Amino acid sequence: MTQVNTQAAIRVVAGVIEQANQVLVAQRHPDKAYISWWEFPGGKVEADESDQQALARELKEELGVTVAVGAPIVETEYDYGDKRILLCSYWCTLAKGEPEALSHQAIHWSEPNRLDPAVFSAADRPLLAKLQADTQIVCEA
């Protein structure tokens, strides 16, 4: 018999920082859950925050940068078994600072089409697929 996760989804935000037709991705630390998966940086929305406030806070904490949070991209719900998350992604523009891996093992700039979905967290894969299909940020030869 399959068990159904009845917990409310945890609202999580992810920022897609785009620069020169590349996006910034981050690799989780080995000591974190879902180790070494790549993801778009962001985190949990606290009760007193909007998505935009949470994303600005998380990117400051994780990357040491100030961003302008822009338009939403896609929302994805994913059930990891022990928790369900609702991942809400937004375009972000760097306003101040250069990204540093303050809470990740590594960060990397890449054209979306060069990223392998198999190494991304399951919740981030639909976002990556959308970015890879989006001709707006695909580099031309």
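Me: What should I know before I start?
Reply: The model is predicted, so local features need pLDDT of at least 70 and side-chain atom pairs count only at pLDDT 80 or more, while totals for chains, interfaces and linings use all residues. Residues are numbered from 1 along each chain as its sequence is written, and side-chain values use heavy atoms, with hydrogens and water left out.

Me: How are strands named, and which strands does β2 pair with?
Reply: Helices (H or I, at least four residues) and strands (E, at least two) are DSSP runs, numbered from the N terminus. Two strands pair if DSSP finds at least two bridges between them. Here β2 is antiparallel to β1 (residues 10-19), with two bridges. With β7 the pairing is also antiparallel, over five bridges. Strand β3 (residues 38-39) is joined to β2 by two bridges, again antiparallel.

Me: Which residues stand opposite each other in these pairs?
Reply: Gln 22 in β2 faces Gln 19. Val 23 has Ser 110 of β7 as its bridge partner, and Ala 26 is opposite Glu 39 in β3. Between β1 and β2 the hairpin has two residues, and Ala 20 there has a positive phi near 55°.

Me: How many residues of β2 are buried?
Reply: Buried means under 20% relative accessible area, exposed means over 50%, and partly exposed lies in between (1.4 Å probe, protein chains only). In β2 (residues 22-27), five of the six residues are buried.

Me: Where is Ser 121, and is it buried or exposed?
Reply: Ser 121 sits in the loop between β7 (106-110) and α2 (125-133). Its relative accessibility is 4%, so Ser 121 counts as buried.

Me: What does Ser 121 touch?
Reply: Contact means heavy atoms within 4.5 Å. Leaving aside residues up to four places away in sequence, Ser 121 touches Trp 37, Trp 38, Glu 39 and Tyr 80. A polar contact is a pair of N or O atoms within 3.5 Å; within protein, one must be able to donate a hydrogen and the other to accept it, and residues adjacent in sequence count only if both atoms are side-chain atoms. The side chains of Ser 121 and Asp 124 make one of 2.4 Å.

Me: How many aromatic pairs are there?
Reply: Rings of Phe, Tyr and Trp (its six-membered ring) pair if their centres lie within 6.5 Å; planes under 30 degrees apart are stacked, over 60 edge-to-face, and the rest tilted. The count is three aromatic pairs. In one, Tyr 78 and Tyr 80 have ring centres 4.7 Å apart and planes at 65°, so the pair is edge-to-face. Trp 37, Tyr 78 and Tyr 80 form one aromatic cluster.
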